[in-house]
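Subject: Structure handover

Hello,

Here is the structure I promised to pass on. Please open it first, then read the notes below it.

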Amino acid sequence: MLDIQKIRADFPILTQKVNGKPLVYFDNGATTQKPQVVIDAIAKYYQEINANIHRGVHTLSQLATDAYEESRKKIQNHINAKFAHEVLFTSGTTHGINAVTNGFASILKPGDEILVSALEHHSNIVPWQMLCERTGAILRVIPMNTDGELIMAEYDKLLSDKTKVVTVNHISNALGTINPVKYMIDKAHEVGAAVLIDGAQAVPHLKPDVQELDCDFYVFSGHKLCGPTGTGILYGKEECLNKLPPYQGGGEMIKEVTFEKTTYAELPHKFEAGTPNIAGGIALGTAVDYMNEVGFDNIQQQEKELLEYGTQQLLTIEGLKIYGTAKEKTSVISFNIDGIHPYDIGTIIDKLGIAVRTGHHCAQPIMNFFEIPGTIRASFAFYNTKEEIDSLVAAVKRAQNMLA
Ligand code: PMP
C-alpha cells in the first residue's frame with residue numbers, strides 16, 4: 001500500500017492553489033507532474049557538471065557523459081533491452097515515431113501495406129501517412145468496437161505478405177484501452193512485418209519488457225512518467241535499427257566525414273545527431289528510478305482503485321456517458337454529459353481548481369467513430385486520491401446545474 005500523503009509531498013506543484021482552490025490535477029495523460037528529485041537532477045546538472053558530452057577530454061565533459069550514459073543503462077534495464085545501444089534518446093514519442101517512419105522511406109515500395117490501429121494518437125497516424133505519400137505504401141486501419149477495443153478477428157484478416165509494418169499504441173490516450181500488443185506482435189511477425197509500439201501512455205502505468213514483447217520498436221516520452229519535457233526514448237532491436245538509415249545528419253553521428261563521402265557511427269550515435277537534451281536525459285533516468293522506488297505494483301493498485309471509484313462516482317451523474325469501456329483499461333475516464341459541450345464543463349471546473357483535458361485528445365478518428373466533437377478526460381496518476389475524485393464529481397454536478 002502506498003502512503004499517498006508521503007508520495008504527494010514529493011511533488012511540489014500538488015500543494016498549489018489554482019483559481020483560489022486546491023489543485024486537483026487529472027490531466028496526467030497529457031503530462032505528469034514532476035517529483036522534487038527530478039527537478040533537483042536538472043538543477044544539479046547545470047550547477048555541477050554542465051558540459052557537452054562525448055566530446056571533451058576535460059573532467060566536466062567526462063562527468064556529463066558518464067551521467068548521460070548511466071541514464072541510458074537505467075532505461076535499458078527498466079525496459080529490459082538486450083543492449084544499451086538499442087536505447088536511443090529522442091525529444092519524445094513524436095520524434096521517435098518520425099525517426100522510424102523516415103528510416104522506412106528507403107525500405108518500403110509502392111503497394112506495401114502499413115497497418116495502423118483505429119485507436120491511435122495523431123502522432124502515430126500522420127507520420128505513417130507522410131511515409132505512404134513518399135513511398136506509395138498503403139495505410140490500412142485495424143478497426144475497433146464500441147467499447148473501444150481493437151477487433152482482433154479483423155486484424156488477423158488484414159495481415160498478409162503485403163504487410164510490412166504494424167503500428168499500435170500499447171494504451172490509448174483517449175480511452176485508456178490496453179491493447180493486446182503481445183498477440184499483435186506475434187501475429188505480425190508470422191507475416192514478416194515489423195512492429196512499432198507507441199508506449200507513450202503505457203510507461204506511466206507499467207514496466208514494458210521489450211524482449212518479452214519481442215517488438216521491433218518501442219517509443220515513449222519522458223514527460224508522461226514524471227520525467228522532463230523534451231525527452232523520450234526510441235528503443236529498437238539492434239538488427240532493426242541497423243537496417244534503417246539515419247534521418248538526421250550532423251555532429252556526433254559520423255565515423256568519418258570527407259566531402260566525397262561520410263560514414264556513420266555505430267549505434268546509438270548514428271541516430272543521435274547534435275547536442276541532445278543532456279540535463280533532460282539524465283533527469284529521465286532519475287524519473288525512472290523514482291517510479292521504480294514507488295513500485296509499479298503499487299502504482300497499478302492505486303490507479304485501479306481510482307479507476308473503479310471514479311467510474312462508479314461519475315456514473316451517479318445523470319446523463320453522463322463514458323467512452324471506452326474495454327475490459328482491459330487503465331486509469332483514464334473519457335466522458336460526456338448529455339446536451340453539454342465538453343469544453344464548457346472543462347472551463348467551469350477549471351475555475352474550481354480541477355484540471356482535466358477536453359477536446360479530441362489528438363485522436364480525431366476516435367471522436368469521429370463515436371460521432372462526438374470530443375470528451376472530457378480525467379486521467380489519474382498514482383498520486384491522486386479518492387477525495388480528489390469527490391471534488392471532480394461535485395464540480396461536474398455544479399457545472400451541469402449551471403449549464404442546464
Ligand atoms: N502517442 C500517444 C498515445 C500519446 O498519448 C501521446 C501524447 N499525448 C503521443 C503519442 C505524443 O507524445 P509527445 O507529444 O510527447 O511526442
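Two residues are in contact if their C-beta atoms, placed from the backbone, lie within 7 Å. That term comes back several times below.

This is a predicted model: local features need pLDDT of at least 70, side-chain atom pairs count only at pLDDT 80 or more, and totals for chains, interfaces and linings use all residues. Residues are numbered from 1 along each chain as its sequence is written.

**Domains**

The protein is divided into domain 1 (4–30 + 296–403) and domain 2 (39–292). These bounds come from an automatic or database domain assignment. The C-alpha centres of domain 1 and domain 2 lie 28 Å apart. Across the boundary, 23 residues of domain 1 are in contact with 22 residues of domain 2. On the domain 1 side, the elements giving two or more residues are helix 11 (296–314), strand 14 (332–337) and helix 13. Helices (H or I, at least four residues) and strands (E, at least two) are DSSP runs, numbered from the N terminus. Helix 11 gives the most to that side, with four residues. By class, the domain 1 side divides into eleven nonpolar, nine polar and three charged residues. For these classes, Ala, Val, Leu, Ile, Met, Phe, Trp, Tyr, Cys and Pro count as nonpolar, Asp, Glu, Lys and Arg as charged, and the others, Gly among them, as polar.

The UniProt record, an unreviewed entry, annotates residues 24–392 as "domain: Aminotransferase class V". Its positions are given in the numbering used here, feature names are shortened, and annotations may be inferred rather than shown by experiment. The end C-alpha atoms of residues 24–392 lie 8 Å apart. The span is 39% helix and 18% strand.

**Strand 14**

Is strand 14 mostly covered or uncovered? It is mostly covered: six of its six residues are buried. Buried means that 20 or more other C-beta atoms lie within 10 Å of the residue's own; exposed means 12 or fewer, and partly exposed is in between, with C-beta atoms placed from the backbone. Val332, Ser334 and Asn336 point one way from strand 14. Ile333, Phe335 and Ile337 point the other way.

Strand 14 has antiparallel partners. Strand 13 (residues 320–323) pairs with strand 14 over four bridges. Strands pair if DSSP finds at least two bridges between them. Tyr323 has Ser334 of strand 14 as its bridge partner. Strand 14 also pairs with strand 17 in the antiparallel sense, over four bridges. There, Phe335 stands opposite Ile376 in strand 17.

**Ligand shell**

13 residues surround the ligand. The closest are Gly92, Thr94, Asn173, Ala200 and Ser221. A residue is near a molecule if its C-beta atom, placed from the backbone, lies within 6 Å of it. The shell has two nonpolar, ten polar and one charged residues.

**Backbone points to check**

A cis peptide bond joins Leu267 and Pro268, with omega about 0°. Pro268 is in the loop between strand 12 (262–264) and helix 10 (278–294).

Which residues other than glycine have a positive phi? Cys226 has one of about 70°. Glu371 has one near 55°. Cys226 sits in the loop between strand 9 (217–221) and strand 10 (232–236). Glu371 sits in the loop between helix 13 (364–370) and strand 17 (375–379). Cys226 counts as buried because 29 other C-beta atoms lie within 10 Å. Glu371 counts as exposed because it has 6 C-beta neighbours inside 10 Å.

**Two loop residues**

His205 is in the loop between strand 8 (194–198) and helix 8 (210–213). It is buried, with 25 C-beta neighbours inside 10 Å. Leaving aside neighbours within four places in sequence, His205 is in contact with Ile171, Ile299, Gln300, Glu303 and Thr330. Its C-alpha atom is 18 Å from that of Leu234, 29 residues away along the chain.

Val191 is in the loop between helix 7 (181–190) and strand 8. Val191 counts as partly exposed, because it has 14 C-beta neighbours inside 10 Å. Not counting residues up to four places away in sequence, Val191 touches Leu159, Ser160, Asp161 and Thr163. Val191 and Val165 are 26 residues apart in sequence and 10.0 Å apart in space, C-alpha to C-alpha.

Best wishes
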